[in-house]
Protein chains: 2
Amino acid sequence: MLANKCQTVFSVRKFSRQLFRGHAISWKRCLAVSLAEEPKKPVVITEIPGPRSRSLFQELNSIQQASSVQFFADYEKSVGNYIMDIDGNALLDVYMQISSMPLGYNHPAMLKALADPVNQKIIANRPALGVFPGKDWPDKLKKILLHKEIAPPGLSHITTMMCGSCSNENAFKTIFIWYAEKQRNGAPFTKEEMESCMTNQVPGTPRFSILSFKGAFHGRTLGSLSTTHSKYIHKIDIPAFDWPTASFPAYKYPLNENVRENQQEDERCLAQVEELFEKYKTEKKMPVAGVIAEPIQAEGGDNHASPEFFQELQRITKKHNAALLIDEVQTGGGPTGKMWCHEHFNLVSPPDLVTFSKKMQLGGYYHVESLRPKQSYRVFNTWMGDPSKIILLEAVLETIRKENLLHRVTTVGDYMLKQLTSLQNEFSTIINSIRGRGTFIAFNCVSPELRDAIVKKLLNKGIQAGGCGTAAIRLRPALTFTEQHANIFLDTLRSILKQQ
Amino acid sequence: MLANKCQTVFSVRKFSRQLFRGHAISWKRCLAVSLAEEPKKPVVITEIPGPRSRSLFQELNSIQQASSVQFFADYEKSVGNYIMDIDGNALLDVYMQISSMPLGYNHPAMLKALADPVNQKIIANRPALGVFPGKDWPDKLKKILLHKEIAPPGLSHITTMMCGSCSNENAFKTIFIWYAEKQRNGAPFTKEEMESCMTNQVPGTPRFSILSFKGAFHGRTLGSLSTTHSKYIHKIDIPAFDWPTASFPAYKYPLNENVRENQQEDERCLAQVEELFEKYKTEKKMPVAGVIAEPIQAEGGDNHASPEFFQELQRITKKHNAALLIDEVQTGGGPTGKMWCHEHFNLVSPPDLVTFSKKMQLGGYYHVESLRPKQSYRVFNTWMGDPSKIILLEAVLETIRKENLLHRVTTVGDYMLKQLTSLQNEFSTIINSIRGRGTFIAFNCVSPELRDAIVKKLLNKGIQAGGCGTAAIRLRPALTFTEQHANIFLDTLRSILKQQ
């Protein structure tokens, strides 16, 4: 009976309103049931996109370039790990809005936070956080983002932003300011610097660079796009800074059968990093102030690199007096089984900066104290983040703790990797290179065309997956993904592979 | 009695919760009263920042560079045009979070929208709008952002983003894509272009530029910062593109006594624009693909330019086959008495793009159909805006319509300008150059020091104002600002000027 009532709450607007207006059932009991209300399995009743999605697409496409849209969703009805489309299909979502939904759809903890009138006031009164923060802001930053189980170990400072691109852009600025300050060695700005920067000229506007890696994705605004190298369609026709790009390891799988080759691959890439530091310092006169790297290159194809690679990258970066920025926009927030993927790497000291967004609800970056700008207004904008997202993040992090979700991610991820490895052995002419940490998992198909075909077949059998890189399929389920969900995915994939 | 109850609702958490859970008083009646609950006048009981603000500052400053913080606010208690700080001071806010709050604090229409469980689900389930938009998204875009009373006349296309910087960055990209496409003349991308862009090299990464103006502010990410030229502290030590910067008119006031000089000033600046188009095409080999301008340079000091200046700027831009982007991040959403400030300019055709953020709650840009990219994923990111902000924007725009706020802004603005002109005549050795449209008003003080002193005195008498440029004080009240509020400001300013 309770379950029925709650189900109704999550599907019928009118009833839901009644409930919110003081029904006898308490939020808590009702919401505890809601996760059980996921469909038992995917339900596909039309082709996807179905007729209603196709009709809405025409409407949207008449007012913007909308060709990237896959279908229109019904977010009132979507629940947990299942996304419902407007044609009545219920899809198991292992992609979760490009890896940005931490707990799945309509999670009770998030809905509960939003039903609180105090939180509604925080959302309605969005301040310029850098000038007039609310009375609870320092406490929220400390208890939520800087909580000892949440913040990357060793990083004491936090700057909030709104998205991944802006987080990387402002992390770059923080690096440049720190790097220039070291060169200035305590001296004040000169008149020439202050004047020349106003029209983008040296010395006030310095020729510094950020080193990034081939295959990387760090965002789409002009600074971050200059460090993005995953797909040409992201970059073509857009001006960019002439900054250095090193090779990122391209490993042979399975790793345990290719140890020596992969070590050599690490060495090859690290040698390039060394060369580029030198070349940009001496030849190009555009010294590398910082290095940016994803712990796992996500958009670029789920390219992993070894802990040893990152340890050595950190050593080289330090040697050249540059800062190491780990971009955890896609890996952060738990999907690798730790809050931050770089925690798997046993670095000898913390990275200098860690950027985040997506599952963290808002953007931002952690950094070591030594990178703190001396002056105000250097890293600044109107909003400096968004308190409404911290409210949601608080609910997310509490749920992660309460339900021990990082442990679940590790367990379910290990199970998936094991099962996928069996599948790979069985269908080794179709898929290969299974890899992952936690449920942040991918495998390659033998061709881009086959990858696209498998993703499409998965969709038509009720599973929303995503591609990345040239021929990879990536899994980005919510942290609430279980072995039961995994089995649905695995069985479906097996049935598709059998038909190839 | 009703008023009392409602007052309680807005100040006591417990009672408020009871009400939200189904009290007998309807939202509507209650909220209609709430605006009347503003304090009659400012109340200052401590120095500002007060002891509690100073204590919280220490806390915040230990985890981030926080020197830009002025005080900590109590947003639960703030109401309408009054911001309450945590030391118990009630300040008339004519700055409104750097011009970003359209209706003041705790506006009933916004709170009502957030109390709706359907909207709460929209907020909890934040989609990747470019891939899996919700079923109501096209309708929301059409009925809210593209509503005929809201969209800039002639602009049929809308792209949503999250902040002003990202809006300008993506508008730049849209311009570059369009400009390259014209040069390509229908030909497909070449292999060389597709490959070279991956490491930021020509021809795939072209040397195009955006022309901007001295004194401009267009944002803080690396692309938008390259077009920002308002204060050195925003720019120093940060790499930038070597793009052209023209002079923006610096008028002599009062305008009606300096007609010929100001015309000559327009001509001088426009001649520079022409020269820079040529220089960047022939000498620098970095053709100008677009021109960006604020209708009123806000951060740079509330620098106005004539309709004739903008008409001629549009003509020159068109002549050189470039796109004209009007940055309405600070001017958009009503403060000049029209939805968009450039509507005051009687341009012969619409600008090619108009960017917005701040009062519009989310970022984005309108553009003409001809700038629509042919391919998907060229202007793209994970979130592509935020449906939770559209919910708030809908409430804001409905309130603007229902309460005829643009008319109020015009009336109150005219009144303010008239009264300030009297003050200027009375205190002409202290303040000058009164200027404005609607309530988007500024005046200069005879020195930066005096400006800072007056802003501080205003604060200590209970008025939160803001500075801009070298020696200007800018007014950015909410659209709900009345003559009664104006009189409080004017009386306080007069009392301060008298003491100088």
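Predicted model: local features only at pLDDT ≥ 70, side-chain atom pairs only at ≥ 80, totals over all residues.
Reader: Where does B:E261 sit?
Author: B:E261 is in helix α13 of chain B, which covers residues 259-282.

Reader: What does the side chain of B:E261 touch in the way of polar contacts?
Author: One partner is B:K252: a polar contact of 2.9 Å joins the two side chains.

Reader: And how far is B:E261 from B:Y365?
Author: Their C-alpha atoms are separated by 35 Å. Along the chain, B:E261 and B:Y365 are 104 residues apart.

Reader: Switching to the interface. How many residues does each chain put into the contact?
Author: Chain A contributes 127 residues and chain B contributes 127 residues.

Reader: How much area is buried there?
Author: About 11900 Å² is buried between chain B and chain A, with 61% of that on carbon and sulfur atoms.

Reader: How many salt bridges cross between chain B and chain A?
Author: The rule finds 11 salt bridges across that interface. There are also 64 residue pairs in polar contact between chain B and chain A, counting pairs with both residues at pLDDT 80 or more.

Reader: Which element of chain B gives the most to that side?
Author: Helix α9 of chain B, residues 164-184, gives the most, with seven residues. By class, the side of chain B that touches chain A has 62 nonpolar, 38 polar and 27 charged residues.

Reader: Back to salt bridges. What does A:E59 pair with?
Author: A:E59 forms a salt bridge with B:K142, and the closest N and O atoms are 3.5 Å apart.

Reader: Why does that pair join two chains?
Author: Because A:E59 lies in helix α4 of chain A, while B:K142 lies in helix α8 of chain B, residues 137-145.

Reader: What is the salt bridge count over all chains?
Author: The structure holds 47 salt bridges over all chains.

Reader: Give me one within a chain. What does A:E181 pair with?
Author: A:E181 forms a salt bridge with A:R184, with the closest N and O atoms 3.4 Å apart. Both residues lie in helix α9 of chain A, residues 164-184, and are three residues apart, about one turn of the helix.

Reader: Are A:E181 and A:R184 buried or exposed?
Author: A:E181 is buried, with a relative accessible area of 15%. A:R184 counts as buried too, at 11% relative accessibility.

Reader: Which residues are in the network with them?
Author: Salt bridges that share partners join A:E181 and A:R184 with A:E193, A:K374, A:R378 and B:D237 into one network.

Reader: What about B:R184, what does it meet?
Author: The side chain of B:R184 meets that of B:E193 in a salt bridge, 3.4 Å from N to O. Both B:E193 and B:R184 are buried.

Reader: New topic: A:Q65. Where is it?
Author: A:Q65 is in the loop between α4 (51-61) and β1 (82-84) of chain A. It counts as buried, at 18% relative accessibility.

Reader: Which backbone oxygens does the side chain of A:Q65 reach?
Author: It reaches the backbone oxygen of B:P373 at 2.8 Å and the backbone oxygen of B:K374 at 2.8 Å. Leaving aside neighbours within four places in sequence, A:Q65 is in contact with B:R372, B:P373, B:K374, B:Q375 and B:S376.

Reader: And A:H485, buried or exposed?
Author: A:H485 is buried, with a relative accessible area of 6%. It is found in helix α18 of chain A, residues 483-499. A polar contact of 2.7 Å joins its side chain to that of A:E38.

Reader: Last one. What is the strand order in the open sheet of chain B?
Author: The order is β1-β2-β14, three strands with mixed pairing. The edge strands are β1 (82-84) and β14 (463-464), each pairing on one side only. Strand β2 (residues 90-93) and β14 of chain B pair in the parallel sense over two bridges, and B:L92 stands opposite B:I463 in β14 of chain B.

Notes: Residues numbered from 1 in each chain as written. Chains lettered and ligands numbered in written order. Heavy atoms only, no water. Contact = heavy atoms within 4.5 Å. Buried area = accessible area lost by both parts, 1.4 Å probe. Salt bridge = Lys/Arg side-chain N within 4 Å of Asp/Glu carboxyl O. Polar contact = N/O pair within 3.5 Å; in protein donor to acceptor, adjacent residues only side chain to side chain. Helix = DSSP H or I, 4+ residues; strand = E, 2+ residues; numbered from the N terminus. Nonpolar A, V, L, I, M, F, W, Y, C, P; charged D, E, K, R; others polar. Pairing = 2+ DSSP bridges. Buried < 20%, exposed > 50% of the residue type's maximum accessible area, 1.4 Å probe, protein only.
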